Each structure stands twice: as C-alpha cells, then as structure tokens.
Amino acid sequence: MESRQKVITALVIIFSLFFISMIISTALNFRDYGVKTAENKAKLTAEIVKIGLTSHMVNGIMDQRDFFINQIGSVEKISELWIARSPTVIQQYGEGHNNETPRDKIDTDVLKSGKMESVTTEMPSKSILRVSIPYIATEYGTPNCMACHNAKEGEALGVVSMVMDISDIRTSSLRTVLYNMAITILTIILIFMVINRFIKPFVSIFYSIRDVMQSAYRGDYSVRIKGHQNAESKTVADMLNTMLEKLQHTFEELDKKVYVFIKNKNYVKETDPLININSTIERLSDIYKFKQTIENDKDLEDIYNRIASVLKDHFKLDDFTMTEIDTMNKVKKNVYSEKGCHCGILDNECRADRINVSVDSSIFKNSCELYKLVGTEHICMPYTISNELTLVLTIVTKNVEETEQVRTITSDIEDYITTARPAIVSKKLMQTLNQMARVDQLTGMYNRKFLDEFADVSIPQAVRAGTSFGVLMIDIDYFKMINDNYGHDVGDEAIRMVSGVIRSSIRKADMAIRYGGEEFLVLLYNCEEEKIVKIAETIRVEFSKQKIYADGESFSKTLSVGCSNFPKDSDSIWKCIKFADMSLYQAKDTGRNKVIAFKQDMLDNTKVGDSY
C-alpha cells in the first residue's frame with residue numbers, strides 16, 4: 001500500500017471513530033438529560049401531591065383527595081398517577097380509597113428503602129418512564145407527621161408513583177443526533193478539502209521524487225520531477241531538477257571520458273553510468289597500480305613475472321606460457337611458463353604470430369599443428385610490443401566451457417599487456433644497449449667491458465666451485481699488411497672470419513671475446529689440460545684454410561695462439577691472461593702460425609707485475 005493510501009486510510013479510520021464516538025456520546029447524554037428532566041418533573045409532581053394531601057388532611061377533607069389526585073394526573077405527559085400507603089399507615093387508617101396499596105415490587109422496594117426509583121421502558125412506538133417517590137415521615141416539618149401517624153422518624157409513609165410518556169425525548173435525541181451527524185460530516189469533508197488543498201502538492205511531489213529515484217536506481221537519470229502545484233513545491237522541484245540535470249551531464253561525461261582510458265574497446269557497458277564509472281575506475285586503479293609497479297621493476301624478466309602474477313592471481317589462470325619473439329635478432333624464448341610449454345613454438349613458426357590473430361582451438365579443432373597436449377583446449381593470443389618484438393600468450397583450458405570463460409577475460413588481459421608495453425620496450429631497449437655495451441658489433445663476440453664484469457663476478461664463484469678455464473690468446477699474423485694492402489674493409493672481413501672459426505671450434509659453455517683490434521681471448525670452461533692446446537691447434541688450422549677475397553684475388557692468413565691454464569698457472573685470471581699473452585708473443589717471435597702453451601720458465605725472462 002502506498003503512503004498516500006495509508007494516510008487516507010488512517011484519517012478515515014480516525015474520523016470514523018471520532019464520528020461514531022461523538023454520535024453515541026451525544027445520543028446518550030441527550031437521553032440522560034431528558035430522563036433527568038422527566039425525573040425532576042416527577043419529583044415536582046410528587047411534591048405537589050404531598051402538599052395537597054397534607055392540606056386535605058389538615059382541613060379534614062381527605063375523603064375528597066381522589067379529585068385532587070385525578071387533576072394532578074391529568075397533567076400533560078403523565079399517563080398514570082397513584083399513591084400507595086405503607087403497611088404502618090394501612091394498619092392505622094386502612095387501605096384508603098381505590099385500594100391505596102403497593103401495586104408492584106417497585107412500590108414495595110421504595111417503601112422499604114425510602115429512596116426514589118425510576119425505570120425507563122423503550123417500546124417501538126414510544127418510551128415510558130416509571131417513577132416512584134417516597135413520602136418520608138418527620139417530626140421536624142410543618143405539620144408534624146408524628147402528630148397524626150404512628151411512624152418513626154425517616155420512615156416512608158407512602159409513595160407517589162406515576163408513569164410518564166417521554167417519547168418526545170427520544171424524538172428530540174434522534175433529531176439532535178442527526179443534526180450532529182450532518183455537522184460532523186460537513187466538518188470532515190471540509191477537513192479533507194483543506195488537507196487535500198495544502199497536503200496534496202507535497203504528497204504529489206513526494207511520489208514524483210520517488211519515481212525519479214526509482215528511475216535513477218535503474219540507471220536512468222533523464223526523468224524529472226513533476227506535479228508541483230504551489231510555490232513551495234515548485235521551488236523544491238526546480239532545485240532537484242537542476243541538480244538531476246547536473247548529475248546526468250556529469251555522469252555521462254565521466255562515463256565517456258573515463259571509458260577512453262580503457263584500451264579494450266570490447267568492454268561491455270552497463271545501462272547505468274554509475275556502474276560503468278565505478279567498474280572503469282576499479283579497472284583503471286588496478287591497471288595503474290600494475291603500471292607503477294612494473295615501472296620500478298629492475299629487469300625485463302621481473303615485468304614478465306609480474307604479468308604472470310596478474311594472470312594467476314587476478315584472472316585465476318593455472319596453465320599458460322608467455323613466449324617472446326624477437327624478429328630483429330631472430331630469437332624466440334619462453335619468458336614464463338606455468339606447468340610447461342605444450343607446443344613447438346620455439347622450433348617452428350607460430351600461427352598466431354604469423355597471422356597476428358588469436359588462435360582458438362574451441363572454434364576450429366587442430367587449428368594449430370604445433371600444439372601437442374591431447375585432451376585440452378587452448379587459446380594463443382599475439383600482442384605486438386614493438387615492430388621487432390611480439391609476445392605470444394598461450395592459455396591452456398580443460399574443455400570448451402572453460403575456454404569460453406577465458407575468452408570473456410582476454411580483453412581485460414589485453415589491457416594489462418598493453419599497459420606493460422612501454423615498460424617492456426624500455427627494458428628491452430636497455431637490455432639491447434647493455435648487450436651492445438658488452439658485445440663487439442663487428443664480430444658479435446663479447447668485448448673487454450664484458451670481460452671486466454665477468455672477471456669481477458663469475459671468476460670468484462668459479463674459484464669457490466673449483467671450476468677451471470683454459471685461456472687462449474689469439475692474434476692474426478701480419479694483420480697490418482691486410483689493412484695496408486687491401487683496406488680496412490678486407491681487414492674487418494678477416495676479423496669476422498676469425499670470429500666465425502673460433503665460435504665453430506668451441507662449445508656453447510665456452511666464451512669468446514674480442515680482446516683488441518685483431519686479438520681474441522677464449523675462455524674454455526672446465527677444459528682438460530691436454531685439450532687446451534688441441535682446441536687452439538684446431539682454430540689455427542681451420543683459419544689457415546679460409547680464403548679471403550679482395551680485388552678479384554684470394555689469399556690466406558695464419559694465426560698465432562698462446563695458452564695458459566686457470567687456476568693451475570695462477571689463481572688470478574688476469575695473470576693467466578697475461579701468461580697466455582706472453583705465450584702468444586713467444587709464438588710470434590719464434591716464427592708465427594703456431595700454438596705455444598705457457599710454461600713457468602717463461603717468467604725467468606719476463607717479470608709479471610702485481611697488477612696482473
């Protein structure tokens with residue numbers, strides 16, 4: 001039930017109870033008043049009868065009392081009038097004329113009690129009042145009752161009884177009640193008109209506000225307040241409508257402006273702009289905190305781990321792999337894998353990367369021939385980080401339903417990866433710059449800067465782990481003649497050729513460094529002593545077989561190699577490098593194109609400084 005109906009119902013009930021109470025009260029009071037008036041009239045009549053009978057008695061004409069009583073009884077509204085003697089008077093004077101004895105129980109009771117009694121009888125056609133009034137004996141009055149009657153003080157000598165027609169009282173009461181009913185009804189109608197006149201505008205605007213609030217709750221802020229019928233309600237309505245217009249405009253603008261920050265344009269918007277704004281701000285807040293965090297991460301690996309953490313904790317993924325594809329360096333590697341990589345992406349061309357579109361196995365079975373995990377579904381999503389770098393995210397699901405669920409969050413995942421893109425590019429660039437700072441651009445080998453860092457960090461660890469290194473110092477024989485006779489381009493080609501021979505002759509665990517112009521340093525990881533010279537010989541022989549082309553002709557060059565053993569020859573890597581360098585120069589001094597291993601007697605002719 002509406003509030004308006006409740007108020008009206010309450011008022012109707014209140015006024016109805018008031019009306020009924022007032023009518024009943026009026027009727028009862030008016031009837032009581034009429035009965036009291038009739039009783040007073042009866043008392044007056046009884047007093048007249050007493051006085052008259054006393055006069056008749058004093059004057060000795062009691063035998064004529066019937067005429068007097070009949071005359072009194074003929075008074076209007078008195079239907080019957082009689083007197084009844086008490087037993088004491090009957091005993092003294094007899095029953096009197098017309099049997100003046102008690103006619104009923106009322107007369108008898110009044111004679112005994114000495115108190116007046118009245119009884120009202122309602123009949124369909126009329127109302128009757130029966131009254132019996134006692135005549136009390138006293139010796140103090142005039143005349144003295146005791147002088148003539150053998151009675152006691154206060155004894156009832158008789159009763160005056162009468163029956164009165166009080167129908168007019170009922171008629172008057174009913175008429176009064178009807179008058180009061182009419183006045184009350186008119187008053188109630190007037191009150192309702194006043195209430196309607198002054199309250200209705202406020203009730204109307206209240207319900208209009210309720211309708212506006214219900215529409216706003218559903219997300220519709222275009223509804224306005226109506227029903228203002230006076231100045232006060234119009235002022236309220238105008239103020240609220242102005243505020244609603246501002247709210248609507250603000251919400252719509254916020255919804256538009258905040259939405260543009262969401263990079264995912266497949267985001268499904270709700271009809272309520274407040275829900276959209278709240279949802280968008282929550283998404284932006286999460287993404288902003290993610291962005292702040294990865295900007296302070298130290299390495300690219302930290303960023304990938306951070307993305308993986310979001311995929312696990314926020315999106316609840318439990319089986320996925322992130323693969324970095326570097327087209328510039330032609331390198332592919334898995335930067336993170338939860339439960340392992342289930343496809344041959346590292347050794348083959350990725351379909352998702354090639355077509356730059358997500359590959360979903362639930363849409364078309366066996367759409368990717370590289371996927372190997374049987375009995376599962378997968379979605380591969382490529383994200384372009386830069387022109388040379390692509391990140392492929394492979395999400396494994398147990399069934400089509402789970403794939404469908406994952407598909408609903410792919411756009412949200414894209415927001416995070418898109419947000420991470422600048423940080424990935426920045427860290428990738430720093431990684432490239434660091435690599436360039438440590439790699440020789442001509443040969444692709446490590447340079448002296450890398451050697452310095454490696455010697456400071458890795459060599460102490462190698463000493464603790466008992467790791468050994470074979471040290472080779474390699475130099476091209478008569479290299480200056482190549483530059484002088486054929487130019488620096490041919491010299492650079494000779495250097496590249498040496499680096500290629502060295503890399504093809506050593507293991508992945510070994511380390512090749514361009515030490516100087518045409519000098520190369522090789523660190524052979526945990527190499528047996530007898531194999532150090534053998535590897536050096538392999539490098540020397542292989543290079544001597546290479547042909548260098550210049551100006552339509554070809555020629556060959558040779559290498560000289562010096563060897564040492566760390567930590568056998570010295571527990572300082574720098575001294576071992578110096579020993580290999582001493583061995584190299586001895587090879588050059590003794591004819592070139594040869595390999596010479598360091599021996600302790602070489603120190604007899606050359607003092608090694610403490611700086612090595």
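Which residue of strand 6 stands opposite threonine 321? In this predicted model, local features need pLDDT of at least 70 and side-chain atom pairs count only at pLDDT 80 or more, whereas totals for chains, interfaces and linings use all residues. Residues are numbered from 1 along each chain as its sequence is written, and side-chain values use heavy atoms, with hydrogens and water left out.

The residue opposite threonine 321 is serine 337. Strand 5 (residues 320-326) and strand 6 run antiparallel and are joined by seven bridges. Helices (H or I, at least four residues) and strands (E, at least two) are DSSP runs, numbered from the N terminus; two strands pair if DSSP finds at least two bridges between them. An open sheet of five strands has the order 6-5-9-8-7, with antiparallel pairing. Strand 6 (331-338) and strand 7 (359-360) are its edge strands, each pairing on one side only.

Helix 8 (residues 300-313) lies across strand 5, strand 6 and strand 9 (389-397), and runs at about 150° to strand 5. Angles run from 0 to 180 degrees between N-to-C directions, and axes are lines fitted to C-alpha atoms, for helices over the stretch in contact; contact means heavy atoms within 4.5 Å. Helix 10 (residues 400-407) also packs on the sheet, where it touches strand 7, strand 8 (377-384) and strand 9, and its direction makes about 25° with that of strand 8.

Strand 12 (residues 519-525) pairs in the antiparallel sense with strand 10 (residues 469-476) over seven bridges, and phenylalanine 469 stands opposite tyrosine 525. Four antiparallel bridges link strand 12 to strand 11 (residues 511-514), and these two strands form a hairpin with four residues between them.
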